[in-house]
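Have the sequence and the model open while you read.

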Amino acid sequence: MRETLGLTGRGRPQIRSQPTSPTANKQRHRFVQDGEVPVIHLSPGNRDSDSSTTLRARITTLESALETEQAARARADQSVNASLAQIHALETKLAHIEIAAQETLATERTAREQAETALQTALHAREHVSEQLVLQPTAYVPDLLEAPQPKERPKRTPRVAKPKTPRVSTARVKEPQPVKWWLNTTKAKTTKR
């Protein structure tokens with residue numbers, strides 16, 4: 001076993017196994033000899049106190065930075081949510097305004113169509129009346145062509161003063177005190193004597 005581990009001092013241990021196939025990997029594993037790997041001894045007293053304080057300080061600064069980042073993230077999320085709510089409200093208002101505009105345009109179109117129809121009717125009536133006047137100049141002119149006479153105001157009738165009626169006094173009349181029927185006053189007076 002000492003030979004296998006290389007502790008006999010003869011040098012490298014000999015590996016007896018042969019590769020199973022001729023194309024097997026020719027590189028063999030080699031064990032590390034003493035002195036090939038540098039070993040560093042750490043003194044637990046000095047290094048631990050300095051590094052633990054610096055690590056603790058670093059951890060505290062990192063934790064505080066994490067807390068500030070989390071608070072900033074929360075504020076950003078609130079801002080995003082408020083912005084989304086405001087966008088939704090504005091989109092709703094815009095949709096309501098568009099609906100109102102469409103309704104107003106539809107109302108205006110119908111009013112315009114009615115006005116055009118009334119204008120066409122008036123023009124047709126005017127042409128008809130002018131044709132009647134040309135054909136029959138002495139014919140009766142309908143009331144539509146006559147200028148309207150200003151209406152007279154009805155005359156005001158003067159107000160007549162109403163006779164004054166005497167006022168009834170509203171002074172209060174004293175009412176008699178109610179009778180307390182639940183109290184037997186005659187027995188109370190006779191028993192006290």
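1. Helices here (H or I, at least four residues) and strands (E, at least two) are DSSP runs, numbered from the N terminus. This is a predicted model, where local features need pLDDT of at least 70, side-chain atom pairs count only at pLDDT 80 or more, and totals for chains, interfaces and linings use all residues. Residues are numbered from 1 along each chain as its sequence is written, and side-chain values use heavy atoms, with hydrogens and water left out.

2. Look along helix α2 for E108 and R112, which sit 4 residues apart, so about one helical turn separates them. Their side chains meet in a salt bridge at 2.8 Å, N to O (a side-chain nitrogen of Lys or Arg within 4 Å of a carboxyl oxygen of Asp or Glu). R112 is exposed at 51% relative accessible area, while E108 is partly exposed at 34% (buried is under 20%, exposed over 50%, partly exposed in between; 1.4 Å probe, protein chains only).

3. D77 and R73 are also 4 residues apart in helix α2, about one helical turn. Their closest N and O atoms are 3.4 Å apart in a salt bridge. R73 is exposed at 56%; D77 is partly exposed at 35%.

4. How many salt bridges does the structure hold? There are 3. One of them joins R30 and E36 at 3.2 Å, N to O, and E36 is partly exposed at 39%.

5. Now find W181, in the loop between α2 (44–135) and α3 (185–192). W181 counts as exposed, at 71% relative accessibility.
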